[in-house]
Amino acid sequence: MNIKPLGERVVIQKIEKENVTAGGIVLPDSAKEESNVATVIAVSEELKNSEEIHCDLKEGDKVIYSKYAGNEVEIDGESVIVIKYQDLLASLS
């Protein structure tokens, strides 16, 4: 997949939650909550080179994003979200 976000945007891909609870109960798809944790796929050149915004994100980082932010698109059979940098809430280490 070759995608280059424009402006102050980041491309992320959701990390799906597991279908099994800690106690071993299998959850059906209808009972699962949608995850708001994702992996960074691409960061725009504007963010990488900006002196005003100190963006230290790189490809492969895990982030938490605002639940209803961004636009979900399908590229090469994979679902990704193009999101504004301001809609990212935290970086996970």
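Here is a short chat about a predicted model of one protein chain.

Q: Before we dig in, what ground rules apply to the predicted model?
A: Local features need pLDDT of at least 70, side-chain atom pairs count only at pLDDT 80 or more, and totals for chains, interfaces and linings use all residues. Residues are numbered from 1 along each chain as its sequence is written, and side-chain values use heavy atoms, with hydrogens and water left out.

Q: Which strand does β1 pair with over four bridges?
A: Strand β5, residues 78–84, in the antiparallel sense; pairing needs at least two DSSP bridges between the strands. V11 sits opposite V82 in β5.

Q: And what about β4 and β5?
A: Strand β4 (residues 71–75) runs antiparallel to β5, with five bridges joining them, and E74 faces S79. They make a hairpin with two residues between them, and D76 in the turn has a positive phi of about 55°.

Q: Switching topic: where is G7?
A: G7 lies in the segment before β1 (9–14).

Q: Why does G7 count as partly exposed?
A: Because its relative accessible area is 26%; buried is under 20%, exposed over 50%, and partly exposed in between, with a 1.4 Å probe and protein chains only.

Q: What does G7 touch, leaving out residues up to four places away in sequence?
A: S44 and E46, with contact meaning heavy atoms within 4.5 Å.
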